[in-house]
Amino acid sequence: YDDDLHFYETTFLASHNAHANRDEADNFLEALGINQENSIYKQLKDDGVRSLSLDLNVINDNLTLVHGPLDYGGLTSQLETHLVPFLEEETDAIVTLDFQTIDGQSEQVLEGLKAMLSTLTVNNITLANMTFRYNDERWATHSDWPTLAEIRSSNQRVFIFTDKSEIVDYDYGIVFKPFVFQENDWQGIEECIERYAWGVKNLSVVGKESWTRLYFMNHFCCETGSESYPRVVGEDLIGGGDNGWGILYPRIEECMATNGGMKPNYISVDWVGESPDVLEIADYLKFGGALGTGQTCTDDAHCATSSCNLAFGLCQCQICSGDDEEICPGCLEQEVCISPGDDQLNKCTQKDLTSDSFYCGTNYFETLETCNDRKRCPNGNNDCTNGEVCFAGIDCTPPPTLTPTDSPSDLPSIKPSMMPSVSPSDGGSSAPTVPNRNFCGPDYFTTLQTCLESTPCPEPFGDDICVPLGLACFANIDCPRPPSTSAPTATPTSSQAPSISLNQANTTAPSLIMGGSMLP
(Lines give C-alpha, C1' and ligand atoms only; values in the text may rest on other atoms or scores of the structure.)
Protein backbone atom coordinates (compact mmCIF):
# COMPACT_ATOMS: atom_id res chain seq x y z
CA TYR A 1 0.00 0.00 0.00
CA ASP A 2 1.12 3.61 -0.56
CA ASP A 3 0.58 5.13 2.91
CA ASP A 4 4.29 5.66 3.50
CA LEU A 5 4.87 7.49 0.23
CA HIS A 6 5.22 11.25 0.38
CA PHE A 7 2.94 13.14 -1.98
CA TYR A 8 5.83 13.95 -4.32
CA GLU A 9 6.74 10.24 -4.52
CA THR A 10 3.45 8.99 -5.93
CA THR A 11 1.96 8.94 -9.43
CA PHE A 12 -1.73 9.49 -10.16
CA LEU A 13 -3.73 8.75 -13.30
CA ALA A 14 -5.35 11.94 -14.64
CA SER A 15 -8.33 11.97 -16.98
CA HIS A 16 -8.06 14.59 -19.73
CA ASN A 17 -11.43 16.33 -20.18
CA ALA A 18 -12.97 13.92 -17.68
CA HIS A 19 -16.38 15.56 -18.03
CA ALA A 20 -16.47 15.08 -21.82
CA ASN A 21 -17.48 11.44 -21.74
CA ARG A 22 -19.90 9.22 -23.59
CA ASP A 23 -22.18 8.79 -20.58
CA GLU A 24 -22.80 12.56 -20.48
CA ALA A 25 -23.10 13.15 -24.22
CA ASP A 26 -26.75 14.04 -24.94
CA ASN A 27 -26.51 14.43 -28.70
CA PHE A 28 -24.44 13.66 -31.76
CA LEU A 29 -22.27 16.78 -31.51
CA GLU A 30 -21.44 16.19 -27.84
CA ALA A 31 -20.53 12.60 -28.70
CA LEU A 32 -18.02 13.92 -31.22
CA GLY A 33 -16.32 16.02 -28.56
CA ILE A 34 -15.69 13.33 -25.95
CA ASN A 35 -12.27 12.24 -24.65
CA GLN A 36 -13.45 9.54 -22.27
CA GLU A 37 -15.82 6.60 -22.33
CA ASN A 38 -17.22 6.45 -18.80
CA SER A 39 -18.85 8.89 -16.40
CA ILE A 40 -16.69 10.70 -13.86
CA TYR A 41 -17.90 8.33 -11.12
CA LYS A 42 -16.93 5.24 -13.14
CA GLN A 43 -13.58 6.78 -14.03
CA LEU A 44 -12.86 7.22 -10.34
CA LYS A 45 -14.38 3.95 -9.17
CA ASP A 46 -13.50 1.53 -11.97
CA ASP A 47 -10.70 3.05 -14.05
CA GLY A 48 -8.32 4.13 -11.29
CA VAL A 49 -8.48 7.86 -12.07
CA ARG A 50 -7.47 10.19 -9.23
CA SER A 51 -7.23 13.52 -11.06
CA LEU A 52 -9.97 15.19 -13.11
CA SER A 53 -8.99 17.76 -15.75
CA LEU A 54 -12.06 19.98 -16.19
CA ASP A 55 -12.70 22.91 -18.58
CA LEU A 56 -14.88 25.66 -17.10
CA ASN A 57 -16.97 28.44 -18.62
CA VAL A 58 -19.40 30.82 -16.94
CA ILE A 59 -22.76 30.45 -18.69
CA ASN A 60 -25.76 32.34 -17.31
CA ASP A 61 -23.77 33.05 -14.14
CA ASN A 62 -23.20 29.33 -13.54
CA LEU A 63 -19.94 27.39 -13.70
CA THR A 64 -20.40 25.00 -16.60
CA LEU A 65 -18.25 22.11 -17.80
CA VAL A 66 -17.45 22.59 -21.47
CA HIS A 67 -15.27 21.33 -24.28
CA GLY A 68 -14.99 24.14 -26.76
CA PRO A 69 -18.57 25.19 -27.54
CA LEU A 70 -20.08 21.96 -26.15
CA ASP A 71 -21.92 22.00 -22.81
CA TYR A 72 -21.52 18.93 -20.54
CA GLY A 73 -23.50 20.18 -17.54
CA GLY A 74 -23.13 22.36 -14.48
CA LEU A 75 -20.02 21.88 -12.32
CA THR A 76 -21.83 21.65 -8.99
CA SER A 77 -24.43 19.14 -10.21
CA GLN A 78 -21.82 16.95 -11.91
CA LEU A 79 -19.58 16.83 -8.85
CA GLU A 80 -22.54 16.18 -6.58
CA THR A 81 -23.59 13.27 -8.81
CA HIS A 82 -20.17 11.72 -9.38
CA LEU A 83 -17.44 12.98 -7.04
CA VAL A 84 -19.35 13.17 -3.75
CA PRO A 85 -20.60 9.52 -3.79
CA PHE A 86 -17.13 8.31 -4.63
CA LEU A 87 -15.49 10.22 -1.76
CA GLU A 88 -18.16 8.92 0.60
CA GLU A 89 -17.52 5.33 -0.45
CA GLU A 90 -13.73 5.53 -0.72
CA THR A 91 -12.68 7.23 2.49
CA ASP A 92 -8.96 6.87 1.71
CA ALA A 93 -9.15 8.22 -1.85
CA ILE A 94 -7.16 11.37 -2.64
CA VAL A 95 -8.61 13.27 -5.61
CA THR A 96 -7.37 16.27 -7.57
CA LEU A 97 -9.53 18.80 -9.45
CA ASP A 98 -7.56 20.55 -12.21
CA PHE A 99 -9.48 23.48 -13.74
CA GLN A 100 -8.88 25.15 -17.10
CA THR A 101 -10.74 28.45 -17.43
CA ILE A 102 -11.54 31.16 -19.97
CA ASP A 103 -9.84 34.54 -19.88
CA GLY A 104 -11.80 37.41 -18.33
CA GLN A 105 -13.85 35.24 -15.95
CA SER A 106 -11.44 34.83 -13.04
CA GLU A 107 -13.49 36.67 -10.41
CA GLN A 108 -16.69 34.79 -11.28
CA VAL A 109 -14.87 31.47 -11.40
CA LEU A 110 -13.25 32.00 -7.99
CA GLU A 111 -16.54 32.96 -6.34
CA GLY A 112 -18.28 30.03 -8.05
CA LEU A 113 -15.65 27.55 -6.84
CA LYS A 114 -15.90 28.80 -3.26
CA ALA A 115 -19.69 28.56 -3.38
CA MET A 116 -19.50 25.01 -4.75
CA LEU A 117 -17.02 23.93 -2.07
CA SER A 118 -19.19 25.43 0.66
CA THR A 119 -22.33 23.75 -0.67
CA LEU A 120 -21.32 20.15 -1.38
CA THR A 121 -20.88 17.81 1.57
CA VAL A 122 -19.21 14.42 1.96
CA ASN A 123 -20.52 12.50 4.96
CA ASN A 124 -21.75 15.80 6.41
CA ILE A 125 -18.40 17.55 5.90
CA THR A 126 -18.23 20.35 3.33
CA LEU A 127 -15.73 20.01 0.50
CA ALA A 128 -14.29 23.32 1.71
CA ASN A 129 -13.15 21.48 4.84
CA MET A 130 -11.71 18.59 2.82
CA THR A 131 -9.35 20.54 0.56
CA PHE A 132 -5.61 20.44 1.13
CA ARG A 133 -4.65 23.74 2.74
CA TYR A 134 -0.98 24.66 2.53
CA ASN A 135 -1.38 27.25 5.32
CA ASP A 136 -2.81 24.72 7.78
CA GLU A 137 -0.79 24.68 11.00
CA ARG A 138 -0.37 20.88 10.88
CA TRP A 139 1.93 21.32 7.85
CA ALA A 140 3.87 24.26 9.33
CA THR A 141 6.79 22.13 10.49
CA HIS A 142 6.96 19.95 7.40
CA SER A 143 10.05 20.57 5.29
CA ASP A 144 8.42 18.71 2.40
CA TRP A 145 5.11 17.17 1.39
CA PRO A 146 3.36 14.99 3.98
CA THR A 147 2.89 11.28 3.43
CA LEU A 148 -0.32 9.96 1.94
CA ALA A 149 -1.16 8.51 5.36
CA GLU A 150 -0.87 11.99 6.92
CA ILE A 151 -3.06 13.48 4.19
CA ARG A 152 -5.69 10.80 4.73
CA SER A 153 -5.57 11.25 8.48
CA SER A 154 -6.12 14.99 8.09
CA ASN A 155 -9.05 14.33 5.68
CA GLN A 156 -7.61 17.09 3.45
CA ARG A 157 -7.77 14.76 0.49
CA VAL A 158 -9.11 17.05 -2.25
CA PHE A 159 -6.49 19.07 -4.14
CA ILE A 160 -7.59 22.00 -6.32
CA PHE A 161 -5.49 23.71 -9.00
CA THR A 162 -6.35 26.45 -11.49
CA ASP A 163 -4.65 27.91 -14.54
CA LYS A 164 -5.01 31.58 -13.49
CA SER A 165 -2.99 33.33 -10.80
CA GLU A 166 -6.11 35.40 -9.97
CA ILE A 167 -8.07 32.26 -9.12
CA VAL A 168 -6.38 31.53 -5.79
CA ASP A 169 -7.62 31.26 -2.21
CA TYR A 170 -5.39 29.35 0.23
CA ASP A 171 -8.15 29.19 2.86
CA TYR A 172 -10.20 27.16 0.40
CA GLY A 173 -7.19 25.20 -0.89
CA ILE A 174 -7.42 26.78 -4.35
CA VAL A 175 -3.90 27.17 -5.76
CA PHE A 176 -2.34 28.45 -8.99
CA LYS A 177 -1.06 25.31 -10.72
CA PRO A 178 2.32 26.74 -11.92
CA PHE A 179 3.18 27.49 -8.27
CA VAL A 180 3.22 23.74 -7.59
CA PHE A 181 3.95 21.99 -10.88
CA GLN A 182 6.17 21.88 -13.88
CA GLU A 183 4.29 20.77 -17.00
CA ASN A 184 5.10 19.72 -20.54
CA ASP A 185 3.29 21.10 -23.58
CA TRP A 186 0.05 19.26 -24.33
CA GLN A 187 0.19 19.38 -28.13
CA GLY A 188 1.25 15.98 -29.45
CA ILE A 189 3.40 13.18 -28.09
CA GLU A 190 6.28 13.21 -30.57
CA GLU A 191 8.39 15.45 -28.33
CA CYS A 192 8.46 16.44 -24.69
CA ILE A 193 8.97 20.17 -24.37
CA GLU A 194 8.35 22.68 -21.61
CA ARG A 195 5.04 24.37 -20.98
CA TYR A 196 6.25 26.05 -17.78
CA ALA A 197 8.68 25.71 -14.83
CA TRP A 198 10.89 23.14 -16.59
CA GLY A 199 13.64 22.06 -14.22
CA VAL A 200 12.41 24.15 -11.26
CA LYS A 201 12.85 21.97 -8.18
CA ASN A 202 10.69 23.59 -5.47
CA LEU A 203 7.26 25.14 -4.94
CA SER A 204 6.52 28.83 -5.31
CA VAL A 205 3.93 28.73 -2.50
CA VAL A 206 4.75 31.13 0.33
CA GLY A 207 6.09 29.22 3.32
CA LYS A 208 6.52 26.01 1.32
CA GLU A 209 9.54 26.96 -0.77
CA SER A 210 11.44 23.86 0.43
CA TRP A 211 8.74 21.45 -0.77
CA THR A 212 9.45 19.39 -3.89
CA ARG A 213 7.80 20.63 -7.08
CA LEU A 214 5.53 18.11 -8.83
CA TYR A 215 5.47 17.15 -12.50
CA PHE A 216 2.19 17.06 -14.45
CA MET A 217 2.67 15.07 -17.66
CA ASN A 218 0.32 15.61 -20.60
CA HIS A 219 0.15 12.62 -22.94
CA PHE A 220 -2.47 12.85 -25.65
CA CYS A 221 -1.80 13.08 -29.32
CA CYS A 222 -4.53 15.28 -30.66
CA GLU A 223 -7.00 18.08 -30.12
CA THR A 224 -10.05 15.80 -30.15
CA GLY A 225 -10.87 12.43 -28.66
CA SER A 226 -12.11 11.14 -32.01
CA GLU A 227 -8.57 11.59 -33.34
CA SER A 228 -6.89 9.93 -30.38
CA TYR A 229 -9.33 7.02 -30.09
CA PRO A 230 -7.92 4.80 -32.89
CA ARG A 231 -4.41 5.40 -31.55
CA VAL A 232 -5.40 4.17 -28.09
CA VAL A 233 -8.15 1.59 -28.57
CA GLY A 234 -7.78 -1.41 -30.88
CA GLU A 235 -6.13 -4.77 -31.44
CA ASP A 236 -2.42 -5.18 -32.19
CA LEU A 237 -1.53 -1.50 -31.80
CA ILE A 238 2.23 -0.99 -31.98
CA GLY A 239 3.66 -0.69 -28.47
CA GLY A 240 0.17 -1.18 -27.04
CA GLY A 241 -1.03 2.11 -28.53
CA ASP A 242 -0.37 5.66 -27.37
CA ASN A 243 -1.20 4.71 -23.76
CA GLY A 244 0.73 1.43 -23.89
CA TRP A 245 4.02 0.47 -22.30
CA GLY A 246 5.87 0.67 -25.61
CA ILE A 247 4.96 4.32 -26.31
CA LEU A 248 4.07 5.94 -22.98
CA TYR A 249 6.98 4.61 -20.92
CA PRO A 250 9.74 5.60 -23.40
CA ARG A 251 8.16 9.06 -23.55
CA ILE A 252 8.29 9.29 -19.76
CA GLU A 253 12.01 8.54 -19.99
CA GLU A 254 12.35 11.21 -22.68
CA CYS A 255 10.55 13.79 -20.55
CA MET A 256 12.64 12.97 -17.48
CA ALA A 257 15.80 13.39 -19.55
CA THR A 258 14.80 16.97 -20.39
CA ASN A 259 12.98 18.15 -17.23
CA GLY A 260 15.75 17.58 -14.70
CA GLY A 261 14.98 13.94 -13.91
CA MET A 262 11.56 14.47 -12.34
CA LYS A 263 9.21 11.54 -12.72
CA PRO A 264 5.53 12.29 -13.43
CA ASN A 265 3.29 12.70 -10.41
CA TYR A 266 0.27 12.92 -12.72
CA ILE A 267 -0.13 11.30 -16.16
CA SER A 268 -3.01 12.84 -18.13
CA VAL A 269 -4.42 10.74 -20.97
CA ASP A 270 -7.48 10.24 -23.14
CA TRP A 271 -9.59 7.06 -22.93
CA VAL A 272 -8.49 5.99 -19.46
CA GLY A 273 -11.03 3.17 -19.32
CA GLU A 274 -9.39 1.49 -22.31
CA SER A 275 -5.82 1.96 -21.08
CA PRO A 276 -4.84 -0.67 -18.47
CA ASP A 277 -1.13 -0.14 -19.19
CA VAL A 278 -1.29 3.38 -17.73
CA LEU A 279 -2.20 2.10 -14.27
CA GLU A 280 0.57 -0.51 -14.50
CA ILE A 281 3.04 2.23 -15.43
CA ALA A 282 1.87 4.42 -12.54
CA ASP A 283 2.33 1.51 -10.13
CA TYR A 284 5.78 0.83 -11.57
CA LEU A 285 6.78 4.46 -11.00
CA LYS A 286 5.54 4.25 -7.40
CA PHE A 287 6.65 0.81 -6.32
CA GLY A 288 9.07 -0.53 -8.93
CA GLY A 289 8.67 -4.04 -10.31
CA ALA A 290 8.99 -5.19 -13.91
CA LEU A 291 8.55 -3.24 -17.13
CA GLY A 292 5.58 -4.39 -19.18
CA THR A 293 5.91 -6.94 -21.99
CA GLY A 294 3.59 -8.56 -24.53
CA GLN A 295 2.80 -5.50 -26.66
CA THR A 296 2.80 -5.73 -30.46
CA CYS A 297 6.09 -4.66 -32.03
CA THR A 298 8.16 -4.77 -35.22
CA ASP A 299 11.25 -3.12 -33.74
CA ASP A 300 13.01 -2.88 -30.38
CA ALA A 301 12.04 0.80 -30.23
CA HIS A 302 8.37 -0.21 -29.85
CA CYS A 303 8.99 -1.82 -26.44
CA ALA A 304 9.54 -0.42 -22.96
CA THR A 305 12.18 -3.15 -22.57
CA SER A 306 13.86 -2.27 -25.90
CA SER A 307 13.54 -5.92 -26.94
CA CYS A 308 11.14 -7.11 -29.64
CA ASN A 309 10.82 -10.78 -30.60
CA LEU A 310 10.45 -10.45 -34.36
CA ALA A 311 9.26 -14.05 -34.83
CA PHE A 312 6.26 -13.46 -32.56
CA GLY A 313 5.99 -9.70 -33.06
CA LEU A 314 5.79 -9.17 -29.29
CA CYS A 315 7.77 -7.22 -26.72
CA GLN A 316 9.79 -9.41 -24.36
CA CYS A 317 12.26 -9.09 -21.51
CA GLN A 318 15.76 -8.02 -22.46
CA ILE A 319 18.69 -10.36 -21.87
CA CYS A 320 21.34 -8.93 -19.57
CA SER A 321 24.28 -10.19 -17.56
CA GLY A 322 22.07 -11.01 -14.59
CA ASP A 323 24.66 -9.98 -12.01
CA ASP A 324 23.58 -8.72 -8.62
CA GLU A 325 23.68 -5.06 -9.69
CA GLU A 326 21.80 -5.29 -12.98
CA ILE A 327 18.05 -5.72 -13.45
CA CYS A 328 17.04 -7.11 -16.81
CA PRO A 329 14.33 -4.88 -18.37
CA GLY A 330 11.02 -6.75 -18.11
CA CYS A 331 12.06 -8.85 -15.09
CA LEU A 332 11.90 -8.39 -11.33
CA GLU A 333 15.01 -7.58 -9.32
CA GLN A 334 15.54 -11.20 -8.23
CA GLU A 335 15.11 -12.50 -11.78
CA VAL A 336 17.19 -12.68 -14.94
CA CYS A 337 16.00 -12.79 -18.56
CA ILE A 338 17.00 -15.84 -20.63
CA SER A 339 16.32 -17.01 -24.17
CA PRO A 340 14.83 -20.51 -24.52
CA GLY A 341 16.06 -20.56 -28.13
CA ASP A 342 14.21 -21.53 -31.32
CA ASP A 343 12.82 -17.98 -31.66
CA GLN A 344 10.76 -18.47 -28.49
CA LEU A 345 9.97 -15.43 -26.35
CA ASN A 346 12.57 -14.55 -23.75
CA LYS A 347 11.47 -15.37 -20.23
CA CYS A 348 12.36 -14.34 -16.70
CA THR A 349 13.67 -16.89 -14.21
CA GLN A 350 15.12 -16.79 -10.73
CA LYS A 351 18.73 -15.66 -10.59
CA ASP A 352 19.73 -18.58 -8.36
CA LEU A 353 18.73 -21.00 -11.12
CA THR A 354 20.78 -19.45 -13.88
CA SER A 355 24.48 -19.25 -14.66
CA ASP A 356 25.52 -21.69 -11.93
CA SER A 357 22.92 -24.32 -12.81
CA PHE A 358 22.42 -24.24 -16.62
CA TYR A 359 24.58 -26.65 -18.64
CA CYS A 360 24.52 -27.94 -22.23
CA GLY A 361 23.99 -31.64 -22.88
CA THR A 362 21.91 -34.28 -24.62
CA ASN A 363 20.10 -35.68 -21.57
CA TYR A 364 19.72 -34.52 -18.00
CA PHE A 365 21.47 -37.27 -16.02
CA GLU A 366 24.45 -37.51 -18.33
CA THR A 367 24.80 -33.72 -18.14
CA LEU A 368 24.55 -33.90 -14.35
CA GLU A 369 27.31 -36.53 -14.12
CA THR A 370 29.65 -34.77 -16.55
CA CYS A 371 28.79 -31.14 -15.76
CA ASN A 372 32.39 -30.20 -14.98
CA ASP A 373 33.24 -30.93 -18.60
CA ARG A 374 30.13 -29.22 -19.95
CA LYS A 375 29.54 -25.73 -21.31
CA ARG A 376 27.39 -23.41 -19.23
CA CYS A 377 24.35 -21.83 -20.89
CA PRO A 378 23.13 -18.81 -18.85
CA ASN A 379 21.17 -17.58 -21.89
CA GLY A 380 19.43 -20.89 -22.58
CA ASN A 381 19.57 -23.02 -25.71
CA ASN A 382 21.21 -20.29 -27.75
CA ASP A 383 24.46 -20.96 -25.86
CA CYS A 384 24.54 -24.66 -26.85
CA THR A 385 25.87 -26.20 -30.09
CA ASN A 386 26.16 -29.58 -31.81
CA GLY A 387 22.55 -30.51 -31.17
CA GLU A 388 22.78 -30.06 -27.38
CA VAL A 389 20.14 -28.30 -25.33
CA CYS A 390 20.33 -26.33 -22.08
CA PHE A 391 19.33 -28.14 -18.87
CA ALA A 392 18.40 -26.24 -15.72
CA GLY A 393 18.82 -27.31 -12.12
CA ILE A 394 22.29 -28.87 -12.56
CA ASP A 395 23.87 -28.63 -9.11
CA CYS A 396 27.43 -29.10 -10.25
CA THR A 397 30.12 -29.83 -7.66
CA PRO A 398 33.72 -29.17 -8.78
CA PRO A 399 35.88 -32.33 -8.97
CA PRO A 400 37.83 -33.08 -5.79
CA THR A 401 41.50 -32.25 -5.57
CA LEU A 402 43.38 -35.44 -4.63
CA THR A 403 45.80 -34.72 -1.81
CA PRO A 404 47.41 -37.42 0.38
CA THR A 405 46.43 -37.63 4.04
CA ASP A 406 49.01 -37.45 6.78
CA SER A 407 48.27 -41.01 7.89
CA PRO A 408 46.21 -43.77 6.25
CA SER A 409 43.00 -44.95 7.87
CA ASP A 410 42.87 -48.38 9.48
CA LEU A 411 39.26 -48.75 8.34
CA PRO A 412 38.27 -50.05 4.92
CA SER A 413 37.40 -47.25 2.56
CA ILE A 414 34.38 -49.05 1.08
CA LYS A 415 31.67 -50.68 3.15
CA PRO A 416 31.21 -54.31 2.07
CA SER A 417 28.00 -54.90 0.13
CA MET A 418 25.42 -57.36 1.46
CA MET A 419 24.25 -57.93 -2.11
CA PRO A 420 25.69 -60.82 -4.11
CA SER A 421 28.08 -59.59 -6.74
CA VAL A 422 28.11 -60.61 -10.35
CA SER A 423 31.31 -62.33 -11.44
CA PRO A 424 33.25 -60.29 -13.90
CA SER A 425 33.71 -61.67 -17.36
CA ASP A 426 36.94 -63.37 -18.15
CA GLY A 427 37.70 -60.97 -20.90
CA GLY A 428 37.17 -57.32 -21.49
CA SER A 429 34.23 -56.14 -23.51
CA SER A 430 33.61 -52.97 -25.50
CA ALA A 431 29.86 -53.45 -25.18
CA PRO A 432 28.11 -50.83 -23.07
CA THR A 433 26.93 -51.77 -19.61
CA VAL A 434 23.29 -52.88 -19.64
CA PRO A 435 21.40 -50.96 -16.94
CA ASN A 436 19.39 -52.92 -14.41
CA ARG A 437 15.64 -53.00 -15.03
CA ASN A 438 14.65 -55.50 -12.32
CA PHE A 439 13.43 -54.43 -8.87
CA CYS A 440 11.80 -56.05 -5.81
CA GLY A 441 8.26 -55.10 -4.94
CA PRO A 442 4.75 -56.27 -3.98
CA ASP A 443 3.33 -55.77 -7.50
CA TYR A 444 4.44 -54.29 -10.81
CA PHE A 445 2.85 -50.85 -10.70
CA THR A 446 3.78 -50.20 -7.07
CA THR A 447 7.34 -51.19 -7.91
CA LEU A 448 7.28 -48.90 -10.96
CA GLN A 449 6.25 -45.95 -8.81
CA THR A 450 8.74 -46.65 -5.99
CA CYS A 451 11.68 -48.03 -7.95
CA LEU A 452 14.08 -45.36 -6.75
CA GLU A 453 13.62 -46.73 -3.21
CA SER A 454 13.31 -50.43 -4.21
CA THR A 455 15.98 -53.15 -3.98
CA PRO A 456 17.48 -54.12 -7.39
CA CYS A 457 17.24 -57.81 -8.34
CA PRO A 458 19.42 -58.14 -11.46
CA GLU A 459 19.61 -61.35 -13.46
CA PRO A 460 20.45 -64.13 -12.81
CA PHE A 461 19.52 -63.71 -9.11
CA GLY A 462 15.92 -62.47 -9.38
CA ASP A 463 13.76 -63.79 -6.56
CA ASP A 464 16.77 -65.15 -4.72
CA ILE A 465 17.15 -61.55 -3.56
CA CYS A 466 13.47 -60.58 -3.20
CA VAL A 467 11.81 -63.65 -1.60
CA PRO A 468 13.72 -63.30 1.70
CA LEU A 469 12.32 -59.77 1.79
CA GLY A 470 8.75 -61.01 1.31
CA LEU A 471 8.67 -59.53 -2.22
CA ALA A 472 8.87 -60.62 -5.83
CA CYS A 473 11.26 -59.51 -8.58
CA PHE A 474 9.68 -57.55 -11.43
CA ALA A 475 11.40 -56.99 -14.78
CA ASN A 476 11.06 -54.22 -17.40
CA ILE A 477 11.02 -51.43 -14.78
CA ASP A 478 12.25 -48.34 -16.62
CA CYS A 479 13.36 -46.44 -13.56
CA PRO A 480 14.98 -42.97 -13.93
CA ARG A 481 18.44 -42.64 -12.46
CA PRO A 482 18.33 -40.39 -9.40
CA PRO A 483 19.89 -36.93 -9.71
CA SER A 484 22.43 -35.88 -7.12
CA THR A 485 20.14 -33.05 -5.97
CA SER A 486 16.64 -31.80 -6.67
CA ALA A 487 14.94 -32.62 -9.94
CA PRO A 488 15.54 -30.23 -12.84
CA THR A 489 13.28 -27.28 -13.43
CA ALA A 490 11.25 -26.97 -16.59
CA THR A 491 13.09 -23.86 -17.63
CA PRO A 492 14.69 -22.90 -19.85
CA THR A 493 14.25 -25.92 -22.13
CA SER A 494 11.31 -28.05 -23.01
CA SER A 495 13.54 -31.13 -22.69
CA GLN A 496 12.71 -32.77 -19.37
CA ALA A 497 14.34 -35.32 -17.14
CA PRO A 498 12.81 -38.82 -17.50
CA SER A 499 9.48 -39.30 -15.75
CA ILE A 500 7.60 -42.42 -14.66
CA SER A 501 4.40 -43.14 -16.52
CA LEU A 502 1.50 -44.82 -14.72
CA ASN A 503 -0.41 -45.34 -17.92
CA GLN A 504 -0.45 -49.12 -18.51
CA ALA A 505 -0.82 -48.62 -22.21
CA ASN A 506 2.54 -46.85 -22.27
CA THR A 507 4.53 -49.39 -20.25
CA THR A 508 5.98 -52.79 -21.05
CA ALA A 509 3.78 -55.58 -19.73
CA PRO A 510 5.06 -56.74 -16.32
CA SER A 511 7.19 -59.84 -16.10
CA LEU A 512 7.85 -61.78 -12.89
CA ILE A 513 11.25 -63.40 -12.27
CA MET A 514 11.16 -66.57 -10.14
CA GLY A 515 14.41 -68.14 -9.08
CA GLY A 516 16.28 -66.33 -11.78
CA SER A 517 14.02 -67.45 -14.62
CA MET A 518 11.71 -64.99 -16.33
CA LEU A 519 8.02 -65.90 -16.49
CA PRO A 520 5.38 -63.99 -18.48
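Analyst: Helices (H or I, at least four residues) and strands (E, at least two) are DSSP runs, numbered from the N terminus. This is a predicted model, in which local features need pLDDT of at least 70, side-chain atom pairs count only at pLDDT 80 or more, and totals for chains, interfaces and linings use all residues. Residues are numbered from 1 along each chain as its sequence is written, and side-chain values use heavy atoms, with hydrogens and water left out.

User: Where is leucine 117 placed?

Analyst: Leucine 117 belongs to helix 4, which covers residues 106–119.

User: Is leucine 117 buried or exposed?

Analyst: Leucine 117 counts as buried because its relative accessibility is 1%. Buried means under 20% relative accessible area, exposed over 50%, and partly exposed in between (1.4 Å probe, protein chains only). The C-alpha atom of leucine 117 is separated by 7.9 Å from that of tyrosine 172, 55 residues apart along the chain.

User: What about salt bridges, and how many are there?

Analyst: The count comes to 20 salt bridges, a salt bridge being a side-chain nitrogen of Lys or Arg within 4 Å of a carboxyl oxygen of Asp or Glu. One of them joins arginine 152 and aspartate 3, at 2.6 Å from N to O. That pair links distant parts of the chain, 149 residues apart: arginine 152 is in helix 5 (residues 148–154), and aspartate 3 is in the segment before strand 1 (12–15). Arginine 152 is buried, at 14% relative accessible area, whereas aspartate 3 is partly exposed, at 27%.

User: Which residue forms a salt bridge with glutamate 111?

Analyst: Lysine 114 does, with the closest N and O atoms 3.7 Å apart. Glutamate 111 is partly exposed, with a relative accessible area of 44%, while lysine 114 is buried at 17%.

User: Which residues are linked in a network of salt bridges?

Analyst: Such a network links Asp98, Lys177, Glu183 and Arg195.

User: Changing topic: how many cavities of 30 Å³ or more does a search of the whole structure find?

Analyst: The search finds one, and the largest cavity holds about 30 Å³ of space. On a 1 Å grid over the protein atoms alone, a cavity is a set of points where a 1.4 Å probe fits but cannot get out; lining residues have an atom within 4 Å of a point. Grid points are joined across faces, edges and corners, and a volume is the space filled by probe spheres set on the points.

User: Which residues line the largest cavity?

Analyst: Its lining includes His219, Phe220, Cys221 and Asp270.

User: Lastly, is phenylalanine 28 buried or exposed?

Analyst: Phenylalanine 28 is exposed, with a relative accessible area of 62%, and it is placed in helix 1 (residues 28–32).

How values were computed
On a 1 Å grid over the protein atoms alone, a cavity is a set of points where a 1.4 Å probe fits but cannot get out, and a pocket is an open set with protein on both sides within 12 Å along at least five of seven lines; lining residues have an atom within 4 Å of a point.
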